[in-house]
Amino acid sequence: MTENKSGFQQVDPMTPEAVKVKKIFWETEDVFTLELAHENDEKREFNYKPGQFNMLYAFGVGEAAISISSDSSKKSSLLHTIHKVGYVTNVLSKLKKGDIIGLRGPFGSAWPLEQNKGKDICIIAGGIGLAPLRPAIYHILKHRKHYGKVVILYGVRTPRDILYPVELELWRKKYDVEIEVTVDRSDSTWRGHVGVVTTLLNYVELNPEKTRAMVCGPEIMMKFAVDELKKTGLDEKGIYVSLERNMKCALGFCGHCQYGPSFVCKDGPVFSFSNVTDIFEIKEL
Amino acid sequence: MKTIDKSNLDKIISILKKDGYTVIGPTVKDGAIIYDEIESTGDLPIGMGDEQDAGTYRLTKRNDEAYFGYVVGPQSWKKFMFPQRLKMWDAQRNGKGFDINLPKAPPPRYAFLGVRACDLRAIFVQDKVFNNGTFADSYYNNVRKNIFIIAVNCTQSDGTCFCVSMKTGPKAKQGYDIALTEIINKNEHYFLLDEGTLKGSELASKLNFAKAGDAQIKAAASAIMAAEVNMKRTMNTAGIKDLLYNNHDHPIWTEIATRCLACANCTMVCPTCFCSNMEDTTDLTGDHAERWRRWDSCFSLDYSKVAGGSFRTSTKARYRQWMTHKLASWIDQFGTSGCVGCGRCITWCPVGIDITKEVENLRSSPKIKS
Amino acid sequence: MEDLSEILKNHPFMKDLDENYLMQITGCASNVVYKEDEIIFREGDKAEKFYLIRTGKVALEINGRDKGNLRILTIGPGQILGWSWIVSPFKWHFEAHALEEVRAIALDGECLRNKCEDDPKMGYEMLKRFAHILEQRLQSTRMQLLDVYKRV
């Protein structure tokens, strides 16, 4: 989607644009990554902000809202890391290099990276939740000197489910960043942490005044993470969460993603926790 | 202010048709008054009235020849800007890729005849929904910008109306090109005509009108007043946003869920409900795909479904979502209530759940937020 | 060699503890080191001690019989290993072994229990601190039980 000078969208935001699969590869047993480029003009750029998502369309099958997991400064292609869980993602998982899919986007709010320059950053990811946070991590590491202490805490189900293990190792080696990974369950061969992601907070020291947290994962995991962050003294205003709801149009028209007064597709997916704190504990909202 | 005699109504219809409008008006179909294309006043529900109560609707025969002697039927005008089923585009495979074709037909030009004040407000409410500041829905707005609106003020109210409480009627206040008030007495049957826009004035100037006299203006005002004073239902809207926001765990929701069938009727008849679903299809060859948008409802289980499950599995949560959205979060989203007081959700609820009563039930034992 | 009471004082578990209590507790403390893969205690053994981990990581495992050894939790620097010393019949529920070299302060359970019996105020303070740990362990076990990342 491009914007003209007066800021209006030139392409109808309901109409997908054809993009080409440059690469497809499996991250884990049931998580894969699509690399996408513009179909006829690989030089055309993708402009988006870390935390935003796209609607990916499998021809004749349907659309799925998928967060962007690539480096937003590398504009020639897009990466989407996708959990194979539903009808559409199942079809997307069978794509081959050179196949064409539809794309609408980018949509939604972004991680507040510019606003929090000079702050310490604590990233807490659970499972596939690392994918929407990866663009934020790329940005922070690329502009490392703009931020204070940087901590990444990552929890997954088993050691086999760890996303981007090579990159995690690379970041740990190359940058001034504390990275802790834990798994919920493992056998004896795993040498790392075992326990839920919040237990990792025991191993890092956060300065509550200076720290801003960005959290993404299953909603129940985010609840525990936010509770623990608040116990360490972080203000809700400095905790950001990325929420997931059913999305059909991504434009605020279809109604499905409503969460209290918000439309997750356009007011989110990234929210300051202080904006959802009143409704976060309401059942079946 | 002008008056026109009732024969002018056919003239209005023919002028609008000549101007390229498809004229939509009330007409009787399947035992109800609905909105459909009309050719002349012969299609109008002449001499028909309606009787409504919670879970009840029936047509009645009036003892006059009123054109607009009913209140509102099950349908609202939203289906013309926001059709139940709309093809967004189709696509044809082309090698490994595909080409998308947008519908080429020019948007229809509608003239709405007989828009009630509550429904006029509903159009205004949906205008905000489909142009939300970030995006504008192209179909809705392309149709909407051409619509010629002839409002007809209510001179009677029915059993489920509560527009007075919602401050939307019975008199149309703004947003019309022309507003009519139908006056029938022993010797006369005429309309008081009020021009709302230049377009409206232009049309009015082509009619056989007379300047309205004080008596006629007074007669119209008192007819509208009759609708107001006879209104049977009320909804107390004071602090209604907080009332709903602070009572999400009130026992009332469990109680309503014992009656609510989650049938979605209320959302289908509601003139402001805007939820939709996307449907992607292919033909048997797999080379031709289409995307359709169709009305959806927050009462369906799939509505809140994500890969891990549904967020609102209980009927209780779905009813609460609908009513809280309509009366509370709508205000945060669009700066206006989502309810216009038309009463359709009460009339067309198969078990007669009454939103005005449920608000009263909440008020009578609110859970105060500590 | 570092003073034991200094080490104890700096461990998060002892944060803001009364000096007098700290002195009494130090009387029950000893420095311990475990090599990588060394067993610290076994499931079913008598729980005679608990440990304030200073460095290194400890794995808690349960013998899952036909399901193999299941690792429940790892415990690292600044954390507490073991609470069975405080609850009768003082038996370990898990096996604990060092995943890497572990340095810790071991506190003798019986010694501490006796001191707590003698000084119920101190006993209550210890109980509160352990209740907090139990709550944390219970909460994270619940979250593990929810299996939040499970594919559907």
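**Exercise 1. How many disulfides are there over all chains?**

Solution. Before we start, note that this is a predicted model, where local features need pLDDT of at least 70, side-chain atom pairs count only at pLDDT 80 or more, and totals for chains, interfaces and linings use all residues. Residues are numbered from 1 along each chain as its sequence is written, chains are lettered from A and ligands numbered from 1 in the order in which they are written, and side-chain values use heavy atoms, with hydrogens and water left out.

Step 1: take the rule, by which a disulfide is a pair of cysteine sulfur atoms within 2.5 Å.
Step 2: apply the rule over all chains, and the count comes to 1 disulfide.
Step 3: find the partners, C:Cys28 and C:Cys111, with sulfur atoms 1.9 Å apart.
Step 4: look at the torsion about their S-S bond, which is about -70°, so the disulfide is left-handed.
Step 5: C:Cys28 lies in the loop between helix H2 (19-26) and strand S1 (29-34) of chain C, and C:Cys111 in helix H3 (residues 109-118) of that chain, so the pair ties together parts that are 83 residues apart in sequence. Helices (H or I, at least four residues) and strands (E, at least two) are DSSP runs, numbered from the N terminus.

**Exercise 2. Classify the ring pair of B:Tyr67 and B:Phe191.**

Solution. Step 1: a search of the whole structure finds 40 aromatic pairs over all chains. Rings of Phe, Tyr and Trp (its six-membered ring) pair if their centres lie within 6.5 Å; planes under 30 degrees apart count as stacked, over 60 as edge-to-face and the rest as tilted.
Step 1: for B:Tyr67 and B:Phe191 the centres are 6.2 Å apart and the planes at 5°, so the pair is stacked.
Step 2: both B:Tyr67 and B:Phe191 are buried.
Step 3: compare B:Phe299 and B:Trp322, whose centres are 6.1 Å apart with planes at 50°, so this pair is tilted.

How values were computed:
Buried means under 20% relative accessible area, exposed over 50%, partly exposed in between (1.4 Å probe, protein chains only).
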